[in-house]
Amino acid sequence: MEALLTERDTILAAFWMTIRLTAVSALGSLVLGTLLAAMRVAPLASLRAAANCYVTVARNTPLTLVLLFTGLGVGANLGVELSDDIATNNYWLAVIGLTAYTSAFVCEALRSGLNTVPVGQAEAARSLGLGFVQTLRLITLPQAFRAVVAPLGSILIALTKNTTIALVVGVSEASVRMREMIETYGDQVIEIFLGFAAGFVLLCLPMGLLFGWLSRRMAVAR
Amino acid sequence: MSYANLYETPGPRGIRRNRLLAGGVALVLLALAYVVYVRFDAKDQWTAEKWTPLLRGDVWATFILPGLAGTLGAAVAGVILAGLFGLVFATGRLSEHRWIRVPAAAVVEFFRSVPLLLLIFFAFFGSYVLIGVNISAFAAVVFGLTLYNGSVIAEIIRAGVQSLPRGQAEAAYAIGMRKGQVMRLILLPQAFRAMMPAIVSQFVVLLKDSALGLIVGYDELVDRGLNGIAANFSNVIPAAILIAAIFILINLSLDRLAHRLGAAR
């Protein structure tokens with residue numbers, strides 16, 4: 001217990017990094033995932049094929065490999081620099097990797113949401129003279145979003161836990177701090193583990209409750 | 001699934017416009033590919049000595065095949081143990097005894113919400129303090145995979161049992177079966193079949209998660225492939241592409257299997 005108390009500032013700083021990674025990647029994945037979902041239902045075969053290909057690759061590659069690729073491949077090998085400060089640079093590389101991976105899952109969730117929207121909705125929109133983009137933006141996507149609030153919540157929770165893997169890019173978030181602390185305070189392993197686990201439970205539990213409540217509130221009554 | 005309901009079948013003008021747009025999209029994609037090509041070229045990523053090692057038999061024998069064996073070993077052990085864990089805790093959560101149901105629920109919910117990496121660290125670095133011996137990286141990885149994926153599978157099986165019509169259990173009780181028999185002979189087999197696609201998708205997750213083993217020094221595919229090959233030939237990007245391709249191939253075949261199992265019902 002003492003270890004957790006004496007180190008509480010560094011632990012909170014590590015969890016703050018976890019939260020920052022989660023929030024920024026979640027935002028990025030939502031935008032990119034929506035774009036990908038729109039591409040997957042587009043009338044153009046080339047757009048559909050591109051999005052399809054991307055989603056298949058991103059979903060079936062381990063996140064560890066994706067992050068190593070952004071860190072070692074894109075960062076170190078191709079020399080892409082997003083900031084002069086190494087820590088900031090690593091942070092953004094991790095955000096890119098997490099976003100690239102998570103957006104594939106967001107896309108899949110949204111696509112299944114689009115499937116729940118009755119055909120009549122799109123037909124009615126077309127008979128009013130709306131084009132593809134208008135139909136998608138004004139009629140079908142908003143309903144799809146409301147249908148997939150709960151799955152999006154699960155994706156966000158998974159993303160929160162997945163940020164621990166950002167340690168392979170050299171971002172010092174919660175899992176890095178936990179490993180360091182186990183090495184320093186070897187006699188208090190259980191307390192340290194339970195403390196960090198509790199931190200994640202505290203982050204994920206309200207998210208689950210919030211999204212459960214939201215999904216009931218936003219559900220489209222049919 | 002077709003989305004033709006989102007747009008009309010295009011007429012002559014529409015077809016022309018679509019062709020034009022498709023050409024535009026193709027141009028943008030080509031431009032992107034070109035940018036990637038130039039960036040790779042500027043860092044000498046296309047040179048033959050970066051790619052040819054991936055075709056050599058000794059590279060496969062020293063790095064890729066042992067790595068694949070490590071990944072599959074951890075995954076198979078994880079699948080078996082997670083399956084058992086899931087079965088036990090799903091049954092526990094469905095028990096009518098409060099003192100079994102509540103602890104089982106607590107265990108499942110806890111391990112579902114803790115990041116897998118923390119579980120692996122706990123097992124790997126904490127084992128000496130806890131049980132007096134240092135467990136191997138393999139054991140730590142399998143420990144984490146089992147607890148995390150086992151909890152998810154427990155929830156899947158529980159959802160499967162709950163989705164069965166009540167008449168199934170009632171009929172079984174009516175012909176004189178006992179609780180254990182109803183669960184074992186009637187409910188679980190049907191739940192398993194109904195949930196097979198979801199269970200197989202979870203196994204895909206498990207296989208991908210086994211790559212976390214590299215963080216505690218377990219010799220699996222990402223570690224042997226990426227770090228091993230790249231350390232010898234300094235070809236991170238080609239090696240990463242190859243490893244990703246192997247994972248995608250395995251996962252897609254598992255996906256297909258899941259679909260077939262789902263369709264077979």
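Contact here means heavy atoms within 4.5 Å. By that rule, A:Met178 touches A:Ile192, A:Phe193 and A:Phe196 in its own chain, and B:Leu118, B:Phe121 and B:Phe122 in chain B. Residues up to four places away in sequence are left out of that list. The model is predicted.

A:Met178 also belongs to the largest nonpolar core. That core has 109 residues. Those with the most contacts inside it are A:Leu21, A:Met178, A:Phe196, B:Leu187, B:Val222 and B:Leu226. A second core is separate and has 28 residues, among them A:Leu47, A:Phe132, A:Leu136 and A:Leu141. In soluble globular proteins, nonpolar side chains tend to be buried together.

Next, the interface. In chain B, 49 residues are in contact with 56 residues of chain A. The size of an interface is often given as the accessible area lost when the parts come together. Between chain B and chain A, the buried area is about 4700 Å². Carbon and sulfur atoms give 74% of it. How many residue pairs are in polar contact between the chains, counting those with both residues at pLDDT 80 or more? The count is five. On the side of chain B that touches chain A, the residues divide into 37 nonpolar, seven polar and five charged. The elements that give two or more residues to that side are helices H1 (12-42), H4 (98-113), H5 (116-131), H8 (179-209), H9 (221-233) and H10 (236-263) of chain B.

Now chain A by itself. Its secondary structure comes to 10 helices and zero strands. The C-alpha trace of chain A spans about 70 × 45 × 25 Å along its principal axes. Of the 222 residues in chain A, 50% are buried. Take the contacts in chain A between residues at least 6 apart in sequence: 78% of them join residues at least 24 apart.

A:Arg40 lies in helix H2, residues 8-40. Is A:Arg40 buried or exposed? A:Arg40 counts as buried because its relative accessibility is 11%, and the cut-off for buried is under 20%. The side chain of A:Arg40 has a partner: a polar contact of 2.6 Å joins it to the side chain of A:Glu108.

Note on methods
Residues are numbered from 1 along each chain as its sequence is written. Chains are lettered from A and ligands numbered from 1 in the order in which they are written. Side-chain values use heavy atoms; hydrogens and water are left out. Buried area is the accessible area (1.4 Å probe) that two parts lose on being put together, summed over both. A polar contact is a pair of N or O atoms within 3.5 Å; within protein, one must be able to donate a hydrogen and the other to accept it, and residues adjacent in sequence count only if both atoms are side-chain atoms. Helices (H or I, at least four residues) and strands (E, at least two) are DSSP runs, numbered from the N terminus. Ala, Val, Leu, Ile, Met, Phe, Trp, Tyr, Cys and Pro count as nonpolar, Asp, Glu, Lys and Arg as charged, and the others, Gly among them, as polar. A nonpolar core is a set of buried Ala, Val, Leu, Ile, Met, Phe, Trp, Tyr and Cys residues joined through side-chain atoms within 4.5 Å. Buried means under 20% relative accessible area, exposed over 50%, partly exposed in between (1.4 Å probe, protein chains only).
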